[in-house]
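Here is a friendly note to read with the model open beside you. Please go through the points in order and check each one against the view.

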Amino acid sequence: MGVNTGGMGAIAPANFFSNELEEKIKNHIFKPTLEKLQANNTPFKGVLLAEIVVIEEKGVLEPYLLDFGVRFKDIECQTILPLLESSLLDLCLATAKGELNSLELVFSKEFVMSVALVSRNYPTSSSPKQTLYIDPVDEKKGHLILGEVEQDNGVFESSGGRVIFAIGRGKSLLEARNNAYEIAQKVHFEGMFYRKDIGFKALDLKEYS
């Protein structure tokens with residue numbers, strides 16, 4: 001086991017996420033939590049993000065809650081929101097007004113994969129600032145999201161650990177994965193590295209590059 005990092009990559013949708021697993025998460029994690037908040041007269045409005053580990057036990061997938069967050073988290077948000085076809089503004093307004101029951105969310109049937117491009121010393125120590133060079137990206141294949149980046153006199157420089165996120169999308173997870181890594185190669189700065197095994201297990205690949 002290596003050192004702890006922030007999210008280094010993600011895929012959506014998860015290929016193991018069945019209706020049965022969804023019901024377990026709803027009934028064993030979210031429902032009891034929301035009922036307790038109501039019972040304590042502390043109703044919650046906002047983003048409630050559950051970090052869950054799924055373990056296979058006797059051939060059955062079981063979810064276990066690690067913790068809750070009350071915000072969008074970067075790698076998850078960057079991977080899921082590109083699939084949202086409904087208005088994010090309408091979703092936020094309905095949440096604030098307590099009118100989520102009136103909203104029907106629509107998601108794309110495509111796949112998305114995100115890869116974090118990080119600086120040389122991440123996550124153990126800070127790295128010197130490096131000038132960023134970015135080649136044109138085909139927007140049909142995905143996009144880039146700036147993370148730890150600063151601008152000085154029109155020049156973009158890395159300023160921390162997870163510098164840029166490469167987001168690929170496609171009709172299949174394999175296509176999304178290929179596009180994400182193609183987009184990652186459009187970014188250049190000294191010491192840049194990224195994991196090459198994102199989506200590896202979900203696709204049951206025998207090797208990765």
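1. **Polar contacts across the domains.** Between domain 1 and domain 2 there are five residue pairs in polar contact, both residues at pLDDT 80 or more. A polar contact here is a pair of N or O atoms within 3.5 Å; within protein, one must be able to donate a hydrogen and the other to accept it, and residues adjacent in sequence count only if both atoms are side-chain atoms. On the domain 1 side, strand S1 (9-12) and helix H2 (74-80) each supply at least two residues that touch domain 2. H2 gives the most to that side, with four residues. Sorted by class, the side of domain 1 that touches domain 2 has six nonpolar, three polar and one charged residues. In this sorting Ala, Val, Leu, Ile, Met, Phe, Trp, Tyr, Cys and Pro are nonpolar, Asp, Glu, Lys and Arg are charged, and the others, Gly among them, are polar.

2. **How to read the values.** This is a predicted model, in which local features need pLDDT of at least 70, side-chain atom pairs count only at pLDDT 80 or more, and totals for chains, interfaces and linings use all residues. Residues are numbered from 1 along each chain as its sequence is written, and side-chain values use heavy atoms, with hydrogens and water left out.

3. **The two domains.** The domain assignment gives domain 1 (11-102) and domain 2 (110-208); such bounds come from an automatic or database assignment. Taken over C-alpha atoms, the domain centres are 26 Å apart. The contact (heavy atoms within 4.5 Å) takes 10 residues from domain 1 and 14 residues from domain 2.

4. **Buried area.** About 1,100 Å² is buried between domain 1 and domain 2, and carbon and sulfur atoms give 61% of it. Buried area is the accessible area (1.4 Å probe) that two parts lose on being put together, summed over both. Which residues of domain 1 lose the most area to domain 2? They are Ile11, Gln78 and Pro82, together 45% of what that side buries.

5. **Salt bridges.** A search of the whole structure finds 12 salt bridges, each a side-chain nitrogen of Lys or Arg within 4 Å of a carboxyl oxygen of Asp or Glu. The count between domain 1 and domain 2 is one. Arg162 and Asp74 meet through their side chains in a salt bridge, at 2.7 Å from N to O. Glu22 forms another salt bridge, with Lys26, where the closest N and O atoms are 3.4 Å apart. Because Glu22 and Lys26 are four residues apart in helix H1, about one helical turn separates them.

6. **Aromatic pairs.** The structure holds two aromatic pairs. One of them, Phe30 with Phe68, is tilted, at 6.1 Å centre to centre and 55° between the planes. Rings of Phe, Tyr and Trp (its six-membered ring) pair if their centres lie within 6.5 Å; planes under 30 degrees apart count as stacked, over 60 as edge-to-face and the rest as tilted. This pair links distant parts of the chain: Phe30 is in helix H1 (residues 19-39) and Phe68 in strand S3 (residues 60-69), 38 residues apart.

7. **Backbone details to check.** Most residues other than glycine have a negative phi, and most peptide bonds are trans. A cis peptide bond joins Ala12 and Pro13, with omega about -5°, and Pro13 lies in the loop between S1 and H1. The bond from Tyr122 to Pro123 is also cis, with omega near 0°. Lys58, not a glycine, has a positive phi of about 55°.

8. **Overall layout.** The protein chain has four helices and 10 strands. These are DSSP runs (helices H or I, at least four residues; strands E, at least two), numbered from the N terminus.
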